[in-house]
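User: I'd like to talk through this entry with you, in whatever order the questions come up.

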Amino acid sequence: MSTTAAATSRWTHQWKELHEEVISSGLCTGCAGCVVACPHEVIGYTHEEGHYKPFHLEDDLGPANCGHGEKGCTSCTRACPRFRSWEPDADMHLFGRTRNDDEMFGQYRSLLLCRATDPEVHEKGQDGGFVGAMLIWLMKHDYIDAALTSFLEGDGSSWKARPGLARTPAEVLASSGSRYTYSANTLAMKEAAEAGLQRLALVGMSCQSSVPPIMWTRKAGKVGKPFLFNIGLLCSKTFDDAIFEELFLAKYGLRKEEMVKMNIKGVFQIWMKDGSYHEIDLKECHQWTREGCKTCPDFAAEHADISTGGIGEDNAWTLCVVRTPLGEEVMNRMIADGSVEARPAETDATAMRLLKLLSTVSRRRWPATAHPAPVVGVPPPKKKADGTAPAAH
Ligand SMILES: Cc1cc2nc3c(=O)[nH]c(=O)nc-3n(C[C@H](O)[C@H](O)[C@H](O)COP(=O)(O)OP(=O)(O)OC[C@H]3O[C@@H](n4cnc5c(N)ncnc54)[C@H](O)[C@@H]3O)c2cc1C
Ligand code: SF4
Ligand code: SF4
């Protein structure tokens, strides 16, 4: 199998191939890598319920072809982390080898449980506040001008997530916490470019964190240059925005305007302004899984500098998968200067078990018709005692 296709052969693939092989075939996550990479600005994107997918803005050749592509433009396929051999391509670029068959959660240097030592950063964070602490640290040490991250629209009561730019520690904290609907944070690149900001950290779910290395290895050009740090969020799915009205309100009477925090720990957890706490079975939420997540094989954000999650025994810590030398350098310096506390994650058996299990389960979603790399080494699901396969989660 060719692992460095873009480097070794002439890359001629354009929107036509992207549309056929990724968008129409159901592999598209909505990460918006192609949108920000298009030098002709002919790829549109609607950041709304039922969309979160790219589409062509010019109709001279129909929605499935591109006039610029016919003339040789290939930027969109060079930026797409679901096009053809994306996993080995990004692996080779970042780690110099493809993952071993048993490396279900990708390649890494260390596994740590971390928490921010600043009480406010910790408190505002979803888990240990590590992501917020790292962004603030990168700003204070003049590594980055801003971070591409996610905010809530307006006063937050709509729970509508939107991509945005955090330029100051206060803005980092305003964007802290997790929302479980989609936010294509890469789209905030436009705002960064307009403001002349060139040194950026990307925070994004697994699908988005493969965008920078794919752009670099396939030579997408200057669009890939501002990504200096890549912080991944472990992720098995996002939900349609409609889940608020159609499930949380309709069945449980929970108004989104009254919600203060949500989390997913085996169940969907919701905290309300009146102090009440509610748990909703994830099976009930299943039908609101966003379309773009249904074939996603990457739980562990395997191409980030550091991937972060909340699957430890203790919610007050962020599980950090430190993957690249750059991620390791920043992590070591943050620990050394006391910005974060850290302990080996191997001490948390639950976190270790879930990291491997959830990574394996996500890989099983990748279709057999697509490039085979993401499912290499993935064991079949264990049969239940009655001999049937367990239901997909
Ligand atoms: C949709 C989603 C699904 C996730 N699923 C899992 C999971 O299954 N298992 C697991 O262990 N961890 C999951 N995580 C990661 C977890 O919720 C925490 O984000 C992670 O542990 C970091 O915690 P923290 O306290 O260090 O981060 P914080 O300091 O709270 O920073 C979180 C960062 O995430 C950004 N963010 C929040 N919501 C979104 C969004 N919808 N889209 C893009 N960026 C966003 C924020 O803007 C902020 O920059 C998920 C996160 C998201 C957003
Ligand atoms: S996966 Fe991302 S880059 Fe690929 S087509 Fe979809 S939105 Fe574009
Ligand atoms: S499951 Fe998460 S990482 Fe995968 S496509 Fe959905 S949002 Fe992206």
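**Ligand shells, helices and core**

User: How do the residues of the shell around ligand 3 divide by class?

Analyst: Five of the residues in the shell around ligand 3 are nonpolar, five are polar and two are charged, where Ala, Val, Leu, Ile, Met, Phe, Trp, Tyr, Cys and Pro count as nonpolar, Asp, Glu, Lys and Arg as charged, and the others, Gly among them, as polar. Please keep in mind that this is a predicted model, in which local features need pLDDT of at least 70 and side-chain atom pairs count only at pLDDT 80 or more, while totals for chains, interfaces and linings use all residues. Residues are numbered from 1 along each chain as its sequence is written, and chains are lettered from A and ligands numbered from 1 in the order in which they are written.

User: Which residues are around ligand 3?

Analyst: They are Thr-29, Met-205, Ser-206, Cys-207, Cys-235, Ser-236, Lys-237, Thr-238, Gly-292, Cys-293, Cys-296 and Asp-298, a residue being near a molecule if its C-beta atom, placed from the backbone, lies within 6 Å of it.

User: And ligand 1, how many residues surround that?

Analyst: Ligand 1 is surrounded by 34 residues, the closest being Gly-125, Val-131, Gly-132, Ser-183 and Gly-309. By class, this shell around ligand 1 has eleven nonpolar, 21 polar and two charged residues.

User: Which elements each supply at least two residues of that shell around ligand 1?

Analyst: Those are H8, strand E4 (146–152), strand E6 (200–205) and E11; helices (H or I, at least four residues) and strands (E, at least two) are DSSP runs, numbered from the N terminus.

User: Switching to helix H15, what should it span, and what is the distance between its end C-alpha atoms?

Analyst: Helix H15 covers the twelve residues 325–336, which at 1.5 Å a residue should span 16 Å, and its end C-alpha atoms are 16 Å apart, so the two agree; the expected span is 1.5 Å times one less than the number of residues.

User: Which residues in H15 are buried?

Analyst: Gly-327, Val-330, Met-331 and Met-334 are buried in H15, where buried means that 20 or more other C-beta atoms lie within 10 Å of the residue's own, exposed means 12 or fewer, partly exposed is in between, and C-beta atoms are placed from the backbone. Seen down the axis of H15, its buried residues fall within an arc of 100 degrees, so they line one face of the helix; the arc is that of the directions from the helix axis to the C-beta atoms. Pro-325, Glu-329, Arg-333 and Ala-336 are exposed on the face of H15 turned away from its buried side.

User: What covers the buried residues of H15?

Analyst: The cover includes helix H8 (130–140), strand E11 (306–309), strand E12 (318–322) and strand E13 (340–344), with contact meaning that two C-beta atoms, placed from the backbone, lie within 7 Å. Following H15 there is Gly-338, which has a positive phi near 80 degrees.

User: Which residues of H16 are buried?

Analyst: In H16 the buried residues are Ala-351, Leu-355, Leu-358, Ser-359, Ser-362 and Arg-363. They cover an arc of only 135 degrees around the axis, which puts them on the same side of H16. These buried residues of H16 pack against E12, whereas the face turned away carries the exposed residues Ala-349, Thr-350 and Arg-353.

User: Now the largest nonpolar core: which of its residues touch the most other members?

Analyst: Met-134, Leu-135, Ala-147 and Ala-201 do, out of 94 residues in that core, a nonpolar core being a set of buried Ala, Val, Leu, Ile, Met, Phe, Trp, Tyr and Cys residues joined through C-beta atoms within 7 Å. H8 gives the most to this core, with nine residues. Not counting residues up to four places away in sequence, Met-134 touches Ile-231, Val-330 and Met-334. A second, separate core of six residues includes Ile-243, Phe-248, Phe-268 and Ile-270.

User: Is Leu-200 buried or exposed?

Analyst: Leu-200, which sits in strand E6, is buried because 23 other C-beta atoms lie within 10 Å. Leaving aside neighbours within four places in sequence, its contacts include Ile-144, Ala-147, Ala-192 and Phe-227.

User: Last one, where does Asp-142 lie?

Analyst: Asp-142 is in the loop between H8 and E4, and it has a positive phi of about 60 degrees although it is not a glycine. With 8 other C-beta atoms within 10 Å, Asp-142 is exposed.
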